[in-house]
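Morning, everyone. I have one structure to walk through today.

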2 protein chains.
Amino acid sequence: MQPDSLAPYPPAAIVREVGLRDGLQSLPMVLPTATKLEWLEAAYAAGQREIEVGSFVPARLLPQLADTEELVAHAKRLPGLSVSVLVPNLKGAERALSSGADLMLVPLSASHAHSVANLRKTPQEAVAMLREMRAARDAAGSPMLIEGGVGTAFGCTLQGEVRQDDVLRLLGDLLDAGADRVSLADTVGYADPAAVRRLFGQARRLAGDRLCCAHFHDTRGLGLANVLAALETGVARFDACLAGIGGCPHAPGASGNVSTEDLVFMLESMGIRTGVDVDRLLALRDAAARWLPGQPLHGALWRAGLPKTYSPRFRAA
Amino acid sequence: MQPDSLAPYPPAAIVREVGLRDGLQSLPMVLPTATKLEWLEAAYAAGQREIEVGSFVPARLLPQLADTEELVAHAKRLPGLSVSVLVPNLKGAERALSSGADLMLVPLSASHAHSVANLRKTPQEAVAMLREMRAARDAAGSPMLIEGGVGTAFGCTLQGEVRQDDVLRLLGDLLDAGADRVSLADTVGYADPAAVRRLFGQARRLAGDRLCCAHFHDTRGLGLANVLAALETGVARFDACLAGIGGCPHAPGASGNVSTEDLVFMLESMGIRTGVDVDRLLALRDAAARWLPGQPLHGALWRAGLPKTYSPRFRAA
């Protein structure tokens with residue numbers, strides 16, 4: 001195939017930073033609030049405009065994220081920043097609503113086994129919960145968006161195969177239940193580019209632009225290749241974590257989430273505008289290495305540095 | 001774009017193992033011949049059918065590859081194996097011809113600065129040399145194929161930008177000079193998927209199926225994404241090194257070549273048949289870790305292991 005007959009890459013894409021939530025929640029240490037705010041400010045200064053700052057879960061379950069309210073309040077003072085939080089239950093949704101977050105991400109799992117084990121709900125119970133969240137949001141007259149995030153979309157370490165039909169049905173149910181947007185996550189790093197092409201292609205046929213985001217892990221090294229495959233189906237928003245932290249790697253030393261700096265580097269190199277300054281991200285990564293001593297960090301760009309020929313599309317927002 | 005309107009992936013691809021040459025030449029240790037033969041046998045048993053076993057360079061320059069003649073002789077006894085060697089000069093070409101290797105890879109560099117610094121020839125002098133090699137091959141009545149491998153095709157650490165026109169002109173000159181095939185290498189890890197799509201698309205327009213192989217480095221984490229982009233332009237042969245060794249990484253700890261096991265895993269997961277058994281490759285990687293103590297190994301799959309859902313297309317050849 002000649003380049004002019006291949007699916008075009010989009011002119012711009014959004015890299016949503018989820019390190020402060022997905023990254024930190026799986027580390028054994030608690031980062032001080034002041035340090036998190038420093039991270040948040042630096043990510044914003046680097047050009048990141050969508051940041052998941054925490055999760056409204058009981059502090060006894062995730063002490064790492066106990067200061068989410070404070071993070072949201074601070075983040076809301078940064079002009080043009082879309083502030084998201086993860087919310088696993090109705091109580092959390094109430095807290096999210098009163099926090100003033102711009103978006104609440106509700107995690108579901110297409111794997112019945114994973115859903116019951118991790119969320120203590122069947123997928124359909126989770127859909128019913130989201131419906132109640134939507135009612136609460138509407139009753140409050142809040143502009144907060146609700147995103148249904150479907151995890152284990154490409155397979156599950158408990159259940160093994162997850163049927164594409166189950167994923168698509170769950171997406172449809174979520175939209176019917178009132179989710180403003182839906183997204184797909186490869187929670188355990190089972191996706192490959194062909195599977196991404198198939199599932200995201202079908203999901204976009206179903207949900208259109210309401211399919212808003214892809215969340216890939218780099219567990220087996222395919223994270224960026226999967227991003228590339230998703231780009232071709234029209235997806236233009238990707239979750240990523242600074243230094244690739246988090247993502248519940250289930251093997252010692254295995255990498256977790258796609259690393260923000262590598263992803264931004266790939267997109268900008270391709271001429272896909274992210275608005276993010278890679279040099280600043282690399283400096284932030286250096287800071288994270290100091291903040292998280294002894295924790296496994298990932299990613300490749302930081303070792304080799306930018307190519308001499310790198311010409312980013314970055315423009316300060 | 002919907003999946004059915006995207007460029008199809010090929011049904012099969014070849015992963016050419018270059019670890020015994022490109023991998024070992026950049027390590028400070030010399031692997032004993034018996035160990036190399038063990039590697040060769042195991043790679044063959046895993047299903048690999050194209051292996052670069054060494055280089056015909058003076059032993060004082062690359063003592064790591066001094067036993068190339070013996071490797072070729074042994075490899076030639078494995079049925080159906082295509083045995084390649086790297087050859088940088090006419091003397092080496094004579095040795096390659098008498099060794100009975102199936103293919104001789106002649107490295108060139110599209111970067112004038114890199115060509116002069118590393119090969120001590122301008123690109124045009126290297127083309128003239130290949131022309132003489134072709135004459136020698138024909139005079140000997142040998143069936144050995146000659147592949148012109150164009151390095152620094154995506155940029156150069158010395159010169160910076162390498163113009164696509166220069167790369168394409170060099171490819172054309174090589175074909176005119178009698179190369180049976182040509183290939184493109186991202187010697188320093190500067191490629192990105194959009195650049196791969198552009199250059200490989202143009203190069204295939206010029207060379208058709210005589211453009212036979214892509215050689216990517218994973219220096220900045222984009223190795224597999226670049227493979228994916230090249231697949232879409234119709235390329236279906238890729239160089240790789242077991243455990244991602246070699247590739248002259250120019251930063252401490254930076255990864256070099258794309259790792260064979262990760263690449264085979266990606267392709268097989270996508271339903272692209274390689275004929276290679278990933279489990280056997282992972283066992284071979286374990287052996288390599290014992291053979292190369294203290295050397296930096298790369299790749300992601302070995303840490304996490306295969307997904308529960310992995311169903312390879314592997315069939316013993």
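Predicted model: local features only at pLDDT ≥ 70, side-chain atom pairs only at ≥ 80, totals over all residues.

Which residues of helix 11 of chain B are buried? They are B:Val278, B:Leu281, B:Leu284, B:Arg285 and B:Ala288. Note that an arginine, B:Arg285, is in that list. Why do they line one face? Seen down the axis of helix 11 of chain B, the buried residues fall within an arc of 110°, so one face of the helix holds them. What do they pack against? In chain B, their partners are helix 2 (33-45), helix 10 (260-269) and helix 12 (301-304).

Next, the core. The largest nonpolar core has 200 residues. Which members touch the most others? A:Met104 and B:Met104. Leaving out residues up to four places away in sequence, A:Met104 touches A:Ser84, A:Val85, A:Val87, A:Ala93, A:Ala96, A:Met144 and A:Ile146.

Last, the contact between the chains. Chain B puts in 50 residues, and chain A puts in 50 residues. On the chain B side, the elements giving two or more residues are helix 8 (193-207), helix 9 (223-232), helix 10 and helix 12. Helix 8 of chain B gives the most, with 6 residues. By type, the chain B side divides into 22 nonpolar, 17 polar and 11 charged.

Terms used
Residues numbered from 1 in each chain as written. Chains lettered and ligands numbered in written order. Buried ≥ 20, exposed ≤ 12 C-beta atoms within 10 Å, placed from the backbone. Helix = DSSP H or I, 4+ residues; strand = E, 2+ residues; numbered from the N terminus. Arc of directions from axis to C-beta. Contact = placed C-beta atoms within 7 Å. Core = buried A, V, L, I, M, F, W, Y, C linked by C-beta atoms within 7 Å. Nonpolar A, V, L, I, M, F, W, Y, C, P; charged D, E, K, R; others polar.
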